[in-house]
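Hi there,

Here is the structure I promised to pass on, with my notes below it.

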Amino acid sequence: MLHWLVIIVLAVFVYRQAEAIRRLERRLDAALKALGGQKKPTTAETLETVMGDPRWSEGAAPKPAPKPAPAAPFETTPAPRPAAARMETPAPRATAAFDPRFSGEPEPVKPPRERRTAISTWLAENGLAWIGGGGLALGGLLLVVYAAQQGVFTPPLRIAAAAALGVAMIAASEWILRQKQAPGGRHLLAAAVAAGAGAVTLYGAVCAAYALYDLIPFAAAAILTGLISLGLLALSLRHGEPLGLLALVGAAVTPWVTGIDAWPSTVLLAWALLIGVTGFTISAMRAWGYAALVTVIGLLLLALFPAPDEGALLILLAAVGPVAAVLWLRRQAPEPNPAGRKVLGHQPGIAAVLTALAALLSWFQALAPGGGAPTAAALSGALVILGAAAAVRRIIPPMVFAAPVASAVLAILLALTLPGWGAGPQPDLPWLHGLTALIPLAALIGALRTSGSRRTVLLGVGAVGAAVTASVGWRLMDDAVLTLPWAPAAVLGAALFLTAALIARTSQNLAKDRGLVLWLAAAAEMSFLALHAALPGRFEPLAFAAAALLLSLAARRLSWPGLAQTAVAGGLFSLAALFAPEAMGAALSGALPLPFAIGTTLLAAALLFAGARLMRRDRHHEAEAQATLSLLVLLTGLFAGLHLLLSGQQPDALSGELFRASARTLLLLSAGLALTLRQAEDDGPIARWRTRLVIGAGVVHGALLQGLVLNPWWGGGAAPVGPPVLNTLLVSFLAPALLLLACGARRKPADNWSRAWTINGIAFGFLWLVMTLRHLFVGDAMTDAVIGRAEAAAYAVLLLLTARTFAHPRIGAASGLPQGLRETATPAGWLAIAVAVVVFGWWSSPWWGPDTDPMASMAHVALLFGLHALGAGAASQLRGLPAPLDRAGTAVATLILFVLMTLMIRAAFHGVDMGVDTPGGGLETWTFSALWALFGLGALVLSAGRHDVVLRWAGLIVLLVTAGKVLFFDLARLEGVTRAASFLAVGALFLAGALAARRLNRARSAEPDPDDVGT
């Protein structure tokens, strides 16, 4: 099956090559025919054509010159034109025909149309050749198998016959190749297939002689197989690349076929080196790209089995070989195989990626018990150096340099995470430190020898690789209880800062040198990391602020791009350190004295503000961002101090998942605000999208964790810590809201992104109000407690106020959002009205609502009545919204006031127990009727004064309800004087209302009422 797979692959490749050659031959034949068949006109023919053209018939035609003697057959230059025939050419007409031969230019030769070879033609010429070659190879193999099964010949005869057949096939291929004079030319494909079939038969004979019959020892089998492969390589110089591929594949699989375990490691190494040197040499000489790829893959497969040192040598050879082949080919004259040169040009990049992956496997072998890291570290370092050199020489794309760097970084982290790392020094640690330092060193040397985008990519890859290694590696070394685990990061960060001067000195465009920006960012990151690892947590905010001040001073004195940004990053690190348990957590739990915490915060804020002042002249945007971070640091410290003064020491204040998630959200949004403040008109797409992605990540993080998963009401988060309002809910919801609103307001010019940030800020603020109300009513039982009557009323008031706030013209003005919020106010208003009707009309009623239990105290009754009054006032404020909504707001406000008056009457007679099971007396019933009638009368009077149809209908409905109550309820329940007083009072109020309404209507109208005419 392996041989048939090789034959199929070669068939596809040779078919494509044959098609390309055939198309080239057709083009050449068509071009030669077109050039040979073109006939140039003689002078006489030219004159006759010119004189016969209709454009020459106007005016006096000149006499034709006598015909000259005919030109000799071998003459190719036309005779000179007679003087009489020379005249000025008249202006051509648009419709006149003109002989193209008169132009003196040959007709363009149209390229022949490309046509794919018909299936029948391909089968006749190539298909039969492949079928024949496959049949020969299969026949040779079957001969060996049949001889083994039937015992017709002795084993030596069987192997000899197979070998003779293989040699005969190779001889036949050579004979076919020499038939140059045969009709149709020599059949190159048939020759190559015959040679391949012979090689497969010889491979099968050697394997059978060794594995089946034990006729030859291992050494003889290996030597014979190698000779066959070398012979095929020699023949490939005549037959082409497919036969060379077959030879390389056969040489690579020889150890597998003959039993790789039987090969001594030294012999296997020598065999692999022979394959590599031979394969890369022939690839360079013949510009065979696929041969180089097969050689690389073969070397990497063979590198899995020798000892680690020998395997590393093969991996290095697989990386160096394609690079050397391309370099050698560049020094030669242009080859007649441009397609092969192009394919070969891609192989160094492919080899760099494959060898980087293989180097990781080498680390697994080296770090196994009994192994060592020096060989693997040397291999990774060599690959890094080779990658940088190849990128500088433009042999590989610059981003391919990231492959060996990423492999080295992963290898270092792998070495630090393997079992066995415990307390005490490790013998392989210097190799890991050396490899970490080699990454930026190779990138720096390579970048100094190139320019443009290659220089930027090399610096960026080297800097990022070193920064990632130091960032993750120090934590692993710290877990291993090593001495000074932060020292490598500190030394490497200082070295990067020092070498930045060399990069800046050789920069062609310092102001836009992105490579220097990345280099400085990596240096700052490692310096911050060293501070974080070396200092106690309570000193970190001050240390980061001091580092930011030094970077601000450097940014003021030097014109390097990136220094100001690193200073802003230092301010962000200082803010992040405040949220750490070692700083704020220690202060709130009492482990850190409050004066020390407040003093540290104030000093850090002062240092950041001083850095902002230093950058104000030349780095205005960064200075504004740093000043904002200084303010955030100050507010964070003040919040911690105020929280501690009001609620005392609370050990669990910052230990919950909700607070940690809130801290991460605040850091993302603070970074987004800093990026927004330093925005500039010339920012590239990466800078613009960086701001959007950072703020978007903060929004998504906060919405998913604080809003859903860890929400203290409907999620799994813990209850807020601290007094009402001034608790950790400020950090979880209000602080993100303020940061998002600031981002939306400071983004210039305002666009869809700023509007989206403002909307999200409003959403976080609304969540803070909801959570705060919930905490005010139920305390720590936010998850389990049911929504009470007063709490429901508070939520309804909040919805009404929110809808009215959306319609305010100044809300969202900085981000260009008023129109959008006003459009949102309409659906929000209808939602608020629906909720208000349900809550105030039913839910929050202690008389006819779902909860008729007695109120806790008169203070609770007063709170409930106050919320009703607030709800009525908030609903009445919807008058500024579109027409249907403002009328609905007036109606709901009237309903809430009517319900409030009814409940107040009920409370006046029954106190806190206003349930339905306590019937009222005659005086209570009369009071309801009288005050309802008075309420309706007041609504009518007010509607007449305002000319408000909603109030008019509300007053009429209340009066009609009151009249119905008096007729059908009071008449049956009341007796004596009370019954009569009820009717008299209601009737008097109705008449007074009618008179007042008539007078008010007359006062507002100058025309007489039509009903008064004739009265």
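Which residues have the most contacts inside the largest nonpolar core? They are Trp363, Phe401 and Trp519, in a core of 97 residues. By a nonpolar core I mean a set of buried Ala, Val, Leu, Ile, Met, Phe, Trp, Tyr and Cys residues joined through side-chain atoms within 4.5 Å. Buried stands for under 20% relative accessible area, exposed for over 50%, and partly exposed for in between (1.4 Å probe, protein chains only). Helix α12 (residues 373-392) gives the largest share of this core, 11 residues. Apart from it lies another core, of 71 residues, among them Ile695, Phe806, Ala832 and Ala875.

Before going further, a word on the source. This is a predicted model, in which local features need pLDDT of at least 70 and side-chain atom pairs count only at pLDDT 80 or more, while totals for chains, interfaces and linings use all residues. Residues are numbered from 1 along each chain as its sequence is written, and side-chain values use heavy atoms, with hydrogens and water left out.

Now the overall picture. The protein chain has 33 helices and zero strands; both are DSSP runs numbered from the N terminus (helices H or I, at least four residues; strands E, at least two). Of its 1015 residues, 45% are buried. Its accessible surface comes to about 50,300 Å², and 68% of that belongs to carbon and sulfur atoms (Shrake-Rupley method, 1.4 Å probe; for residues, only the protein chains shown count as cover). Among contacts (heavy atoms within 4.5 Å) with a separation of 6 or more, 72% are between residues 24 or more positions apart.

Helix α13 (residues 402-417) has 16 residues and reaches 22 Å from its first C-alpha to its last, close to the 22 Å expected; the expected span is 1.5 Å times one less than the number of residues. Because 12 of its 16 residues are buried, α13 is largely enclosed by the rest of the structure. Those buried residues include Val405, Val409, Ile412 and Leu416.

- Trp519 touches Pro440, Leu444, Leu459, Ala463, Leu496, Thr499, Ala500 and Ile503, not counting residues up to four places away in sequence.
- Met771 sits in helix α26 (residues 752-778) and is buried, with a relative accessible area of 0%. Leaving out residues up to four places away in sequence, Met771 touches Asn711, Pro712, Trp713, Trp714, Leu729, Phe733 and Met782.
- Glu241 belongs to helix α7 (residues 241-257) and is buried at 10% relative accessible area. Its C-alpha is 8.4 Å from that of Arg286, 45 residues apart along the chain.

Finally, the surface. Trp256, Ile297, Leu301, Leu304, Phe305, Leu361 and Phe364 make a nonpolar patch of about 670 Å². Helices α9 (289-302) and α11 (338-366) are the elements that give two or more residues to this patch. Ile297 is found in α9 and counts as partly exposed because its relative accessibility is 40%. Patches are made of residues with over 30% relative accessible area and no salt bridge, with like charges joined within 9 Å and nonpolar side chains (Val, Leu, Ile, Met, Phe, Trp, Tyr) within 5 Å. A salt bridge is a side-chain nitrogen of Lys or Arg within 4 Å of a carboxyl oxygen of Asp or Glu.

Best wishes
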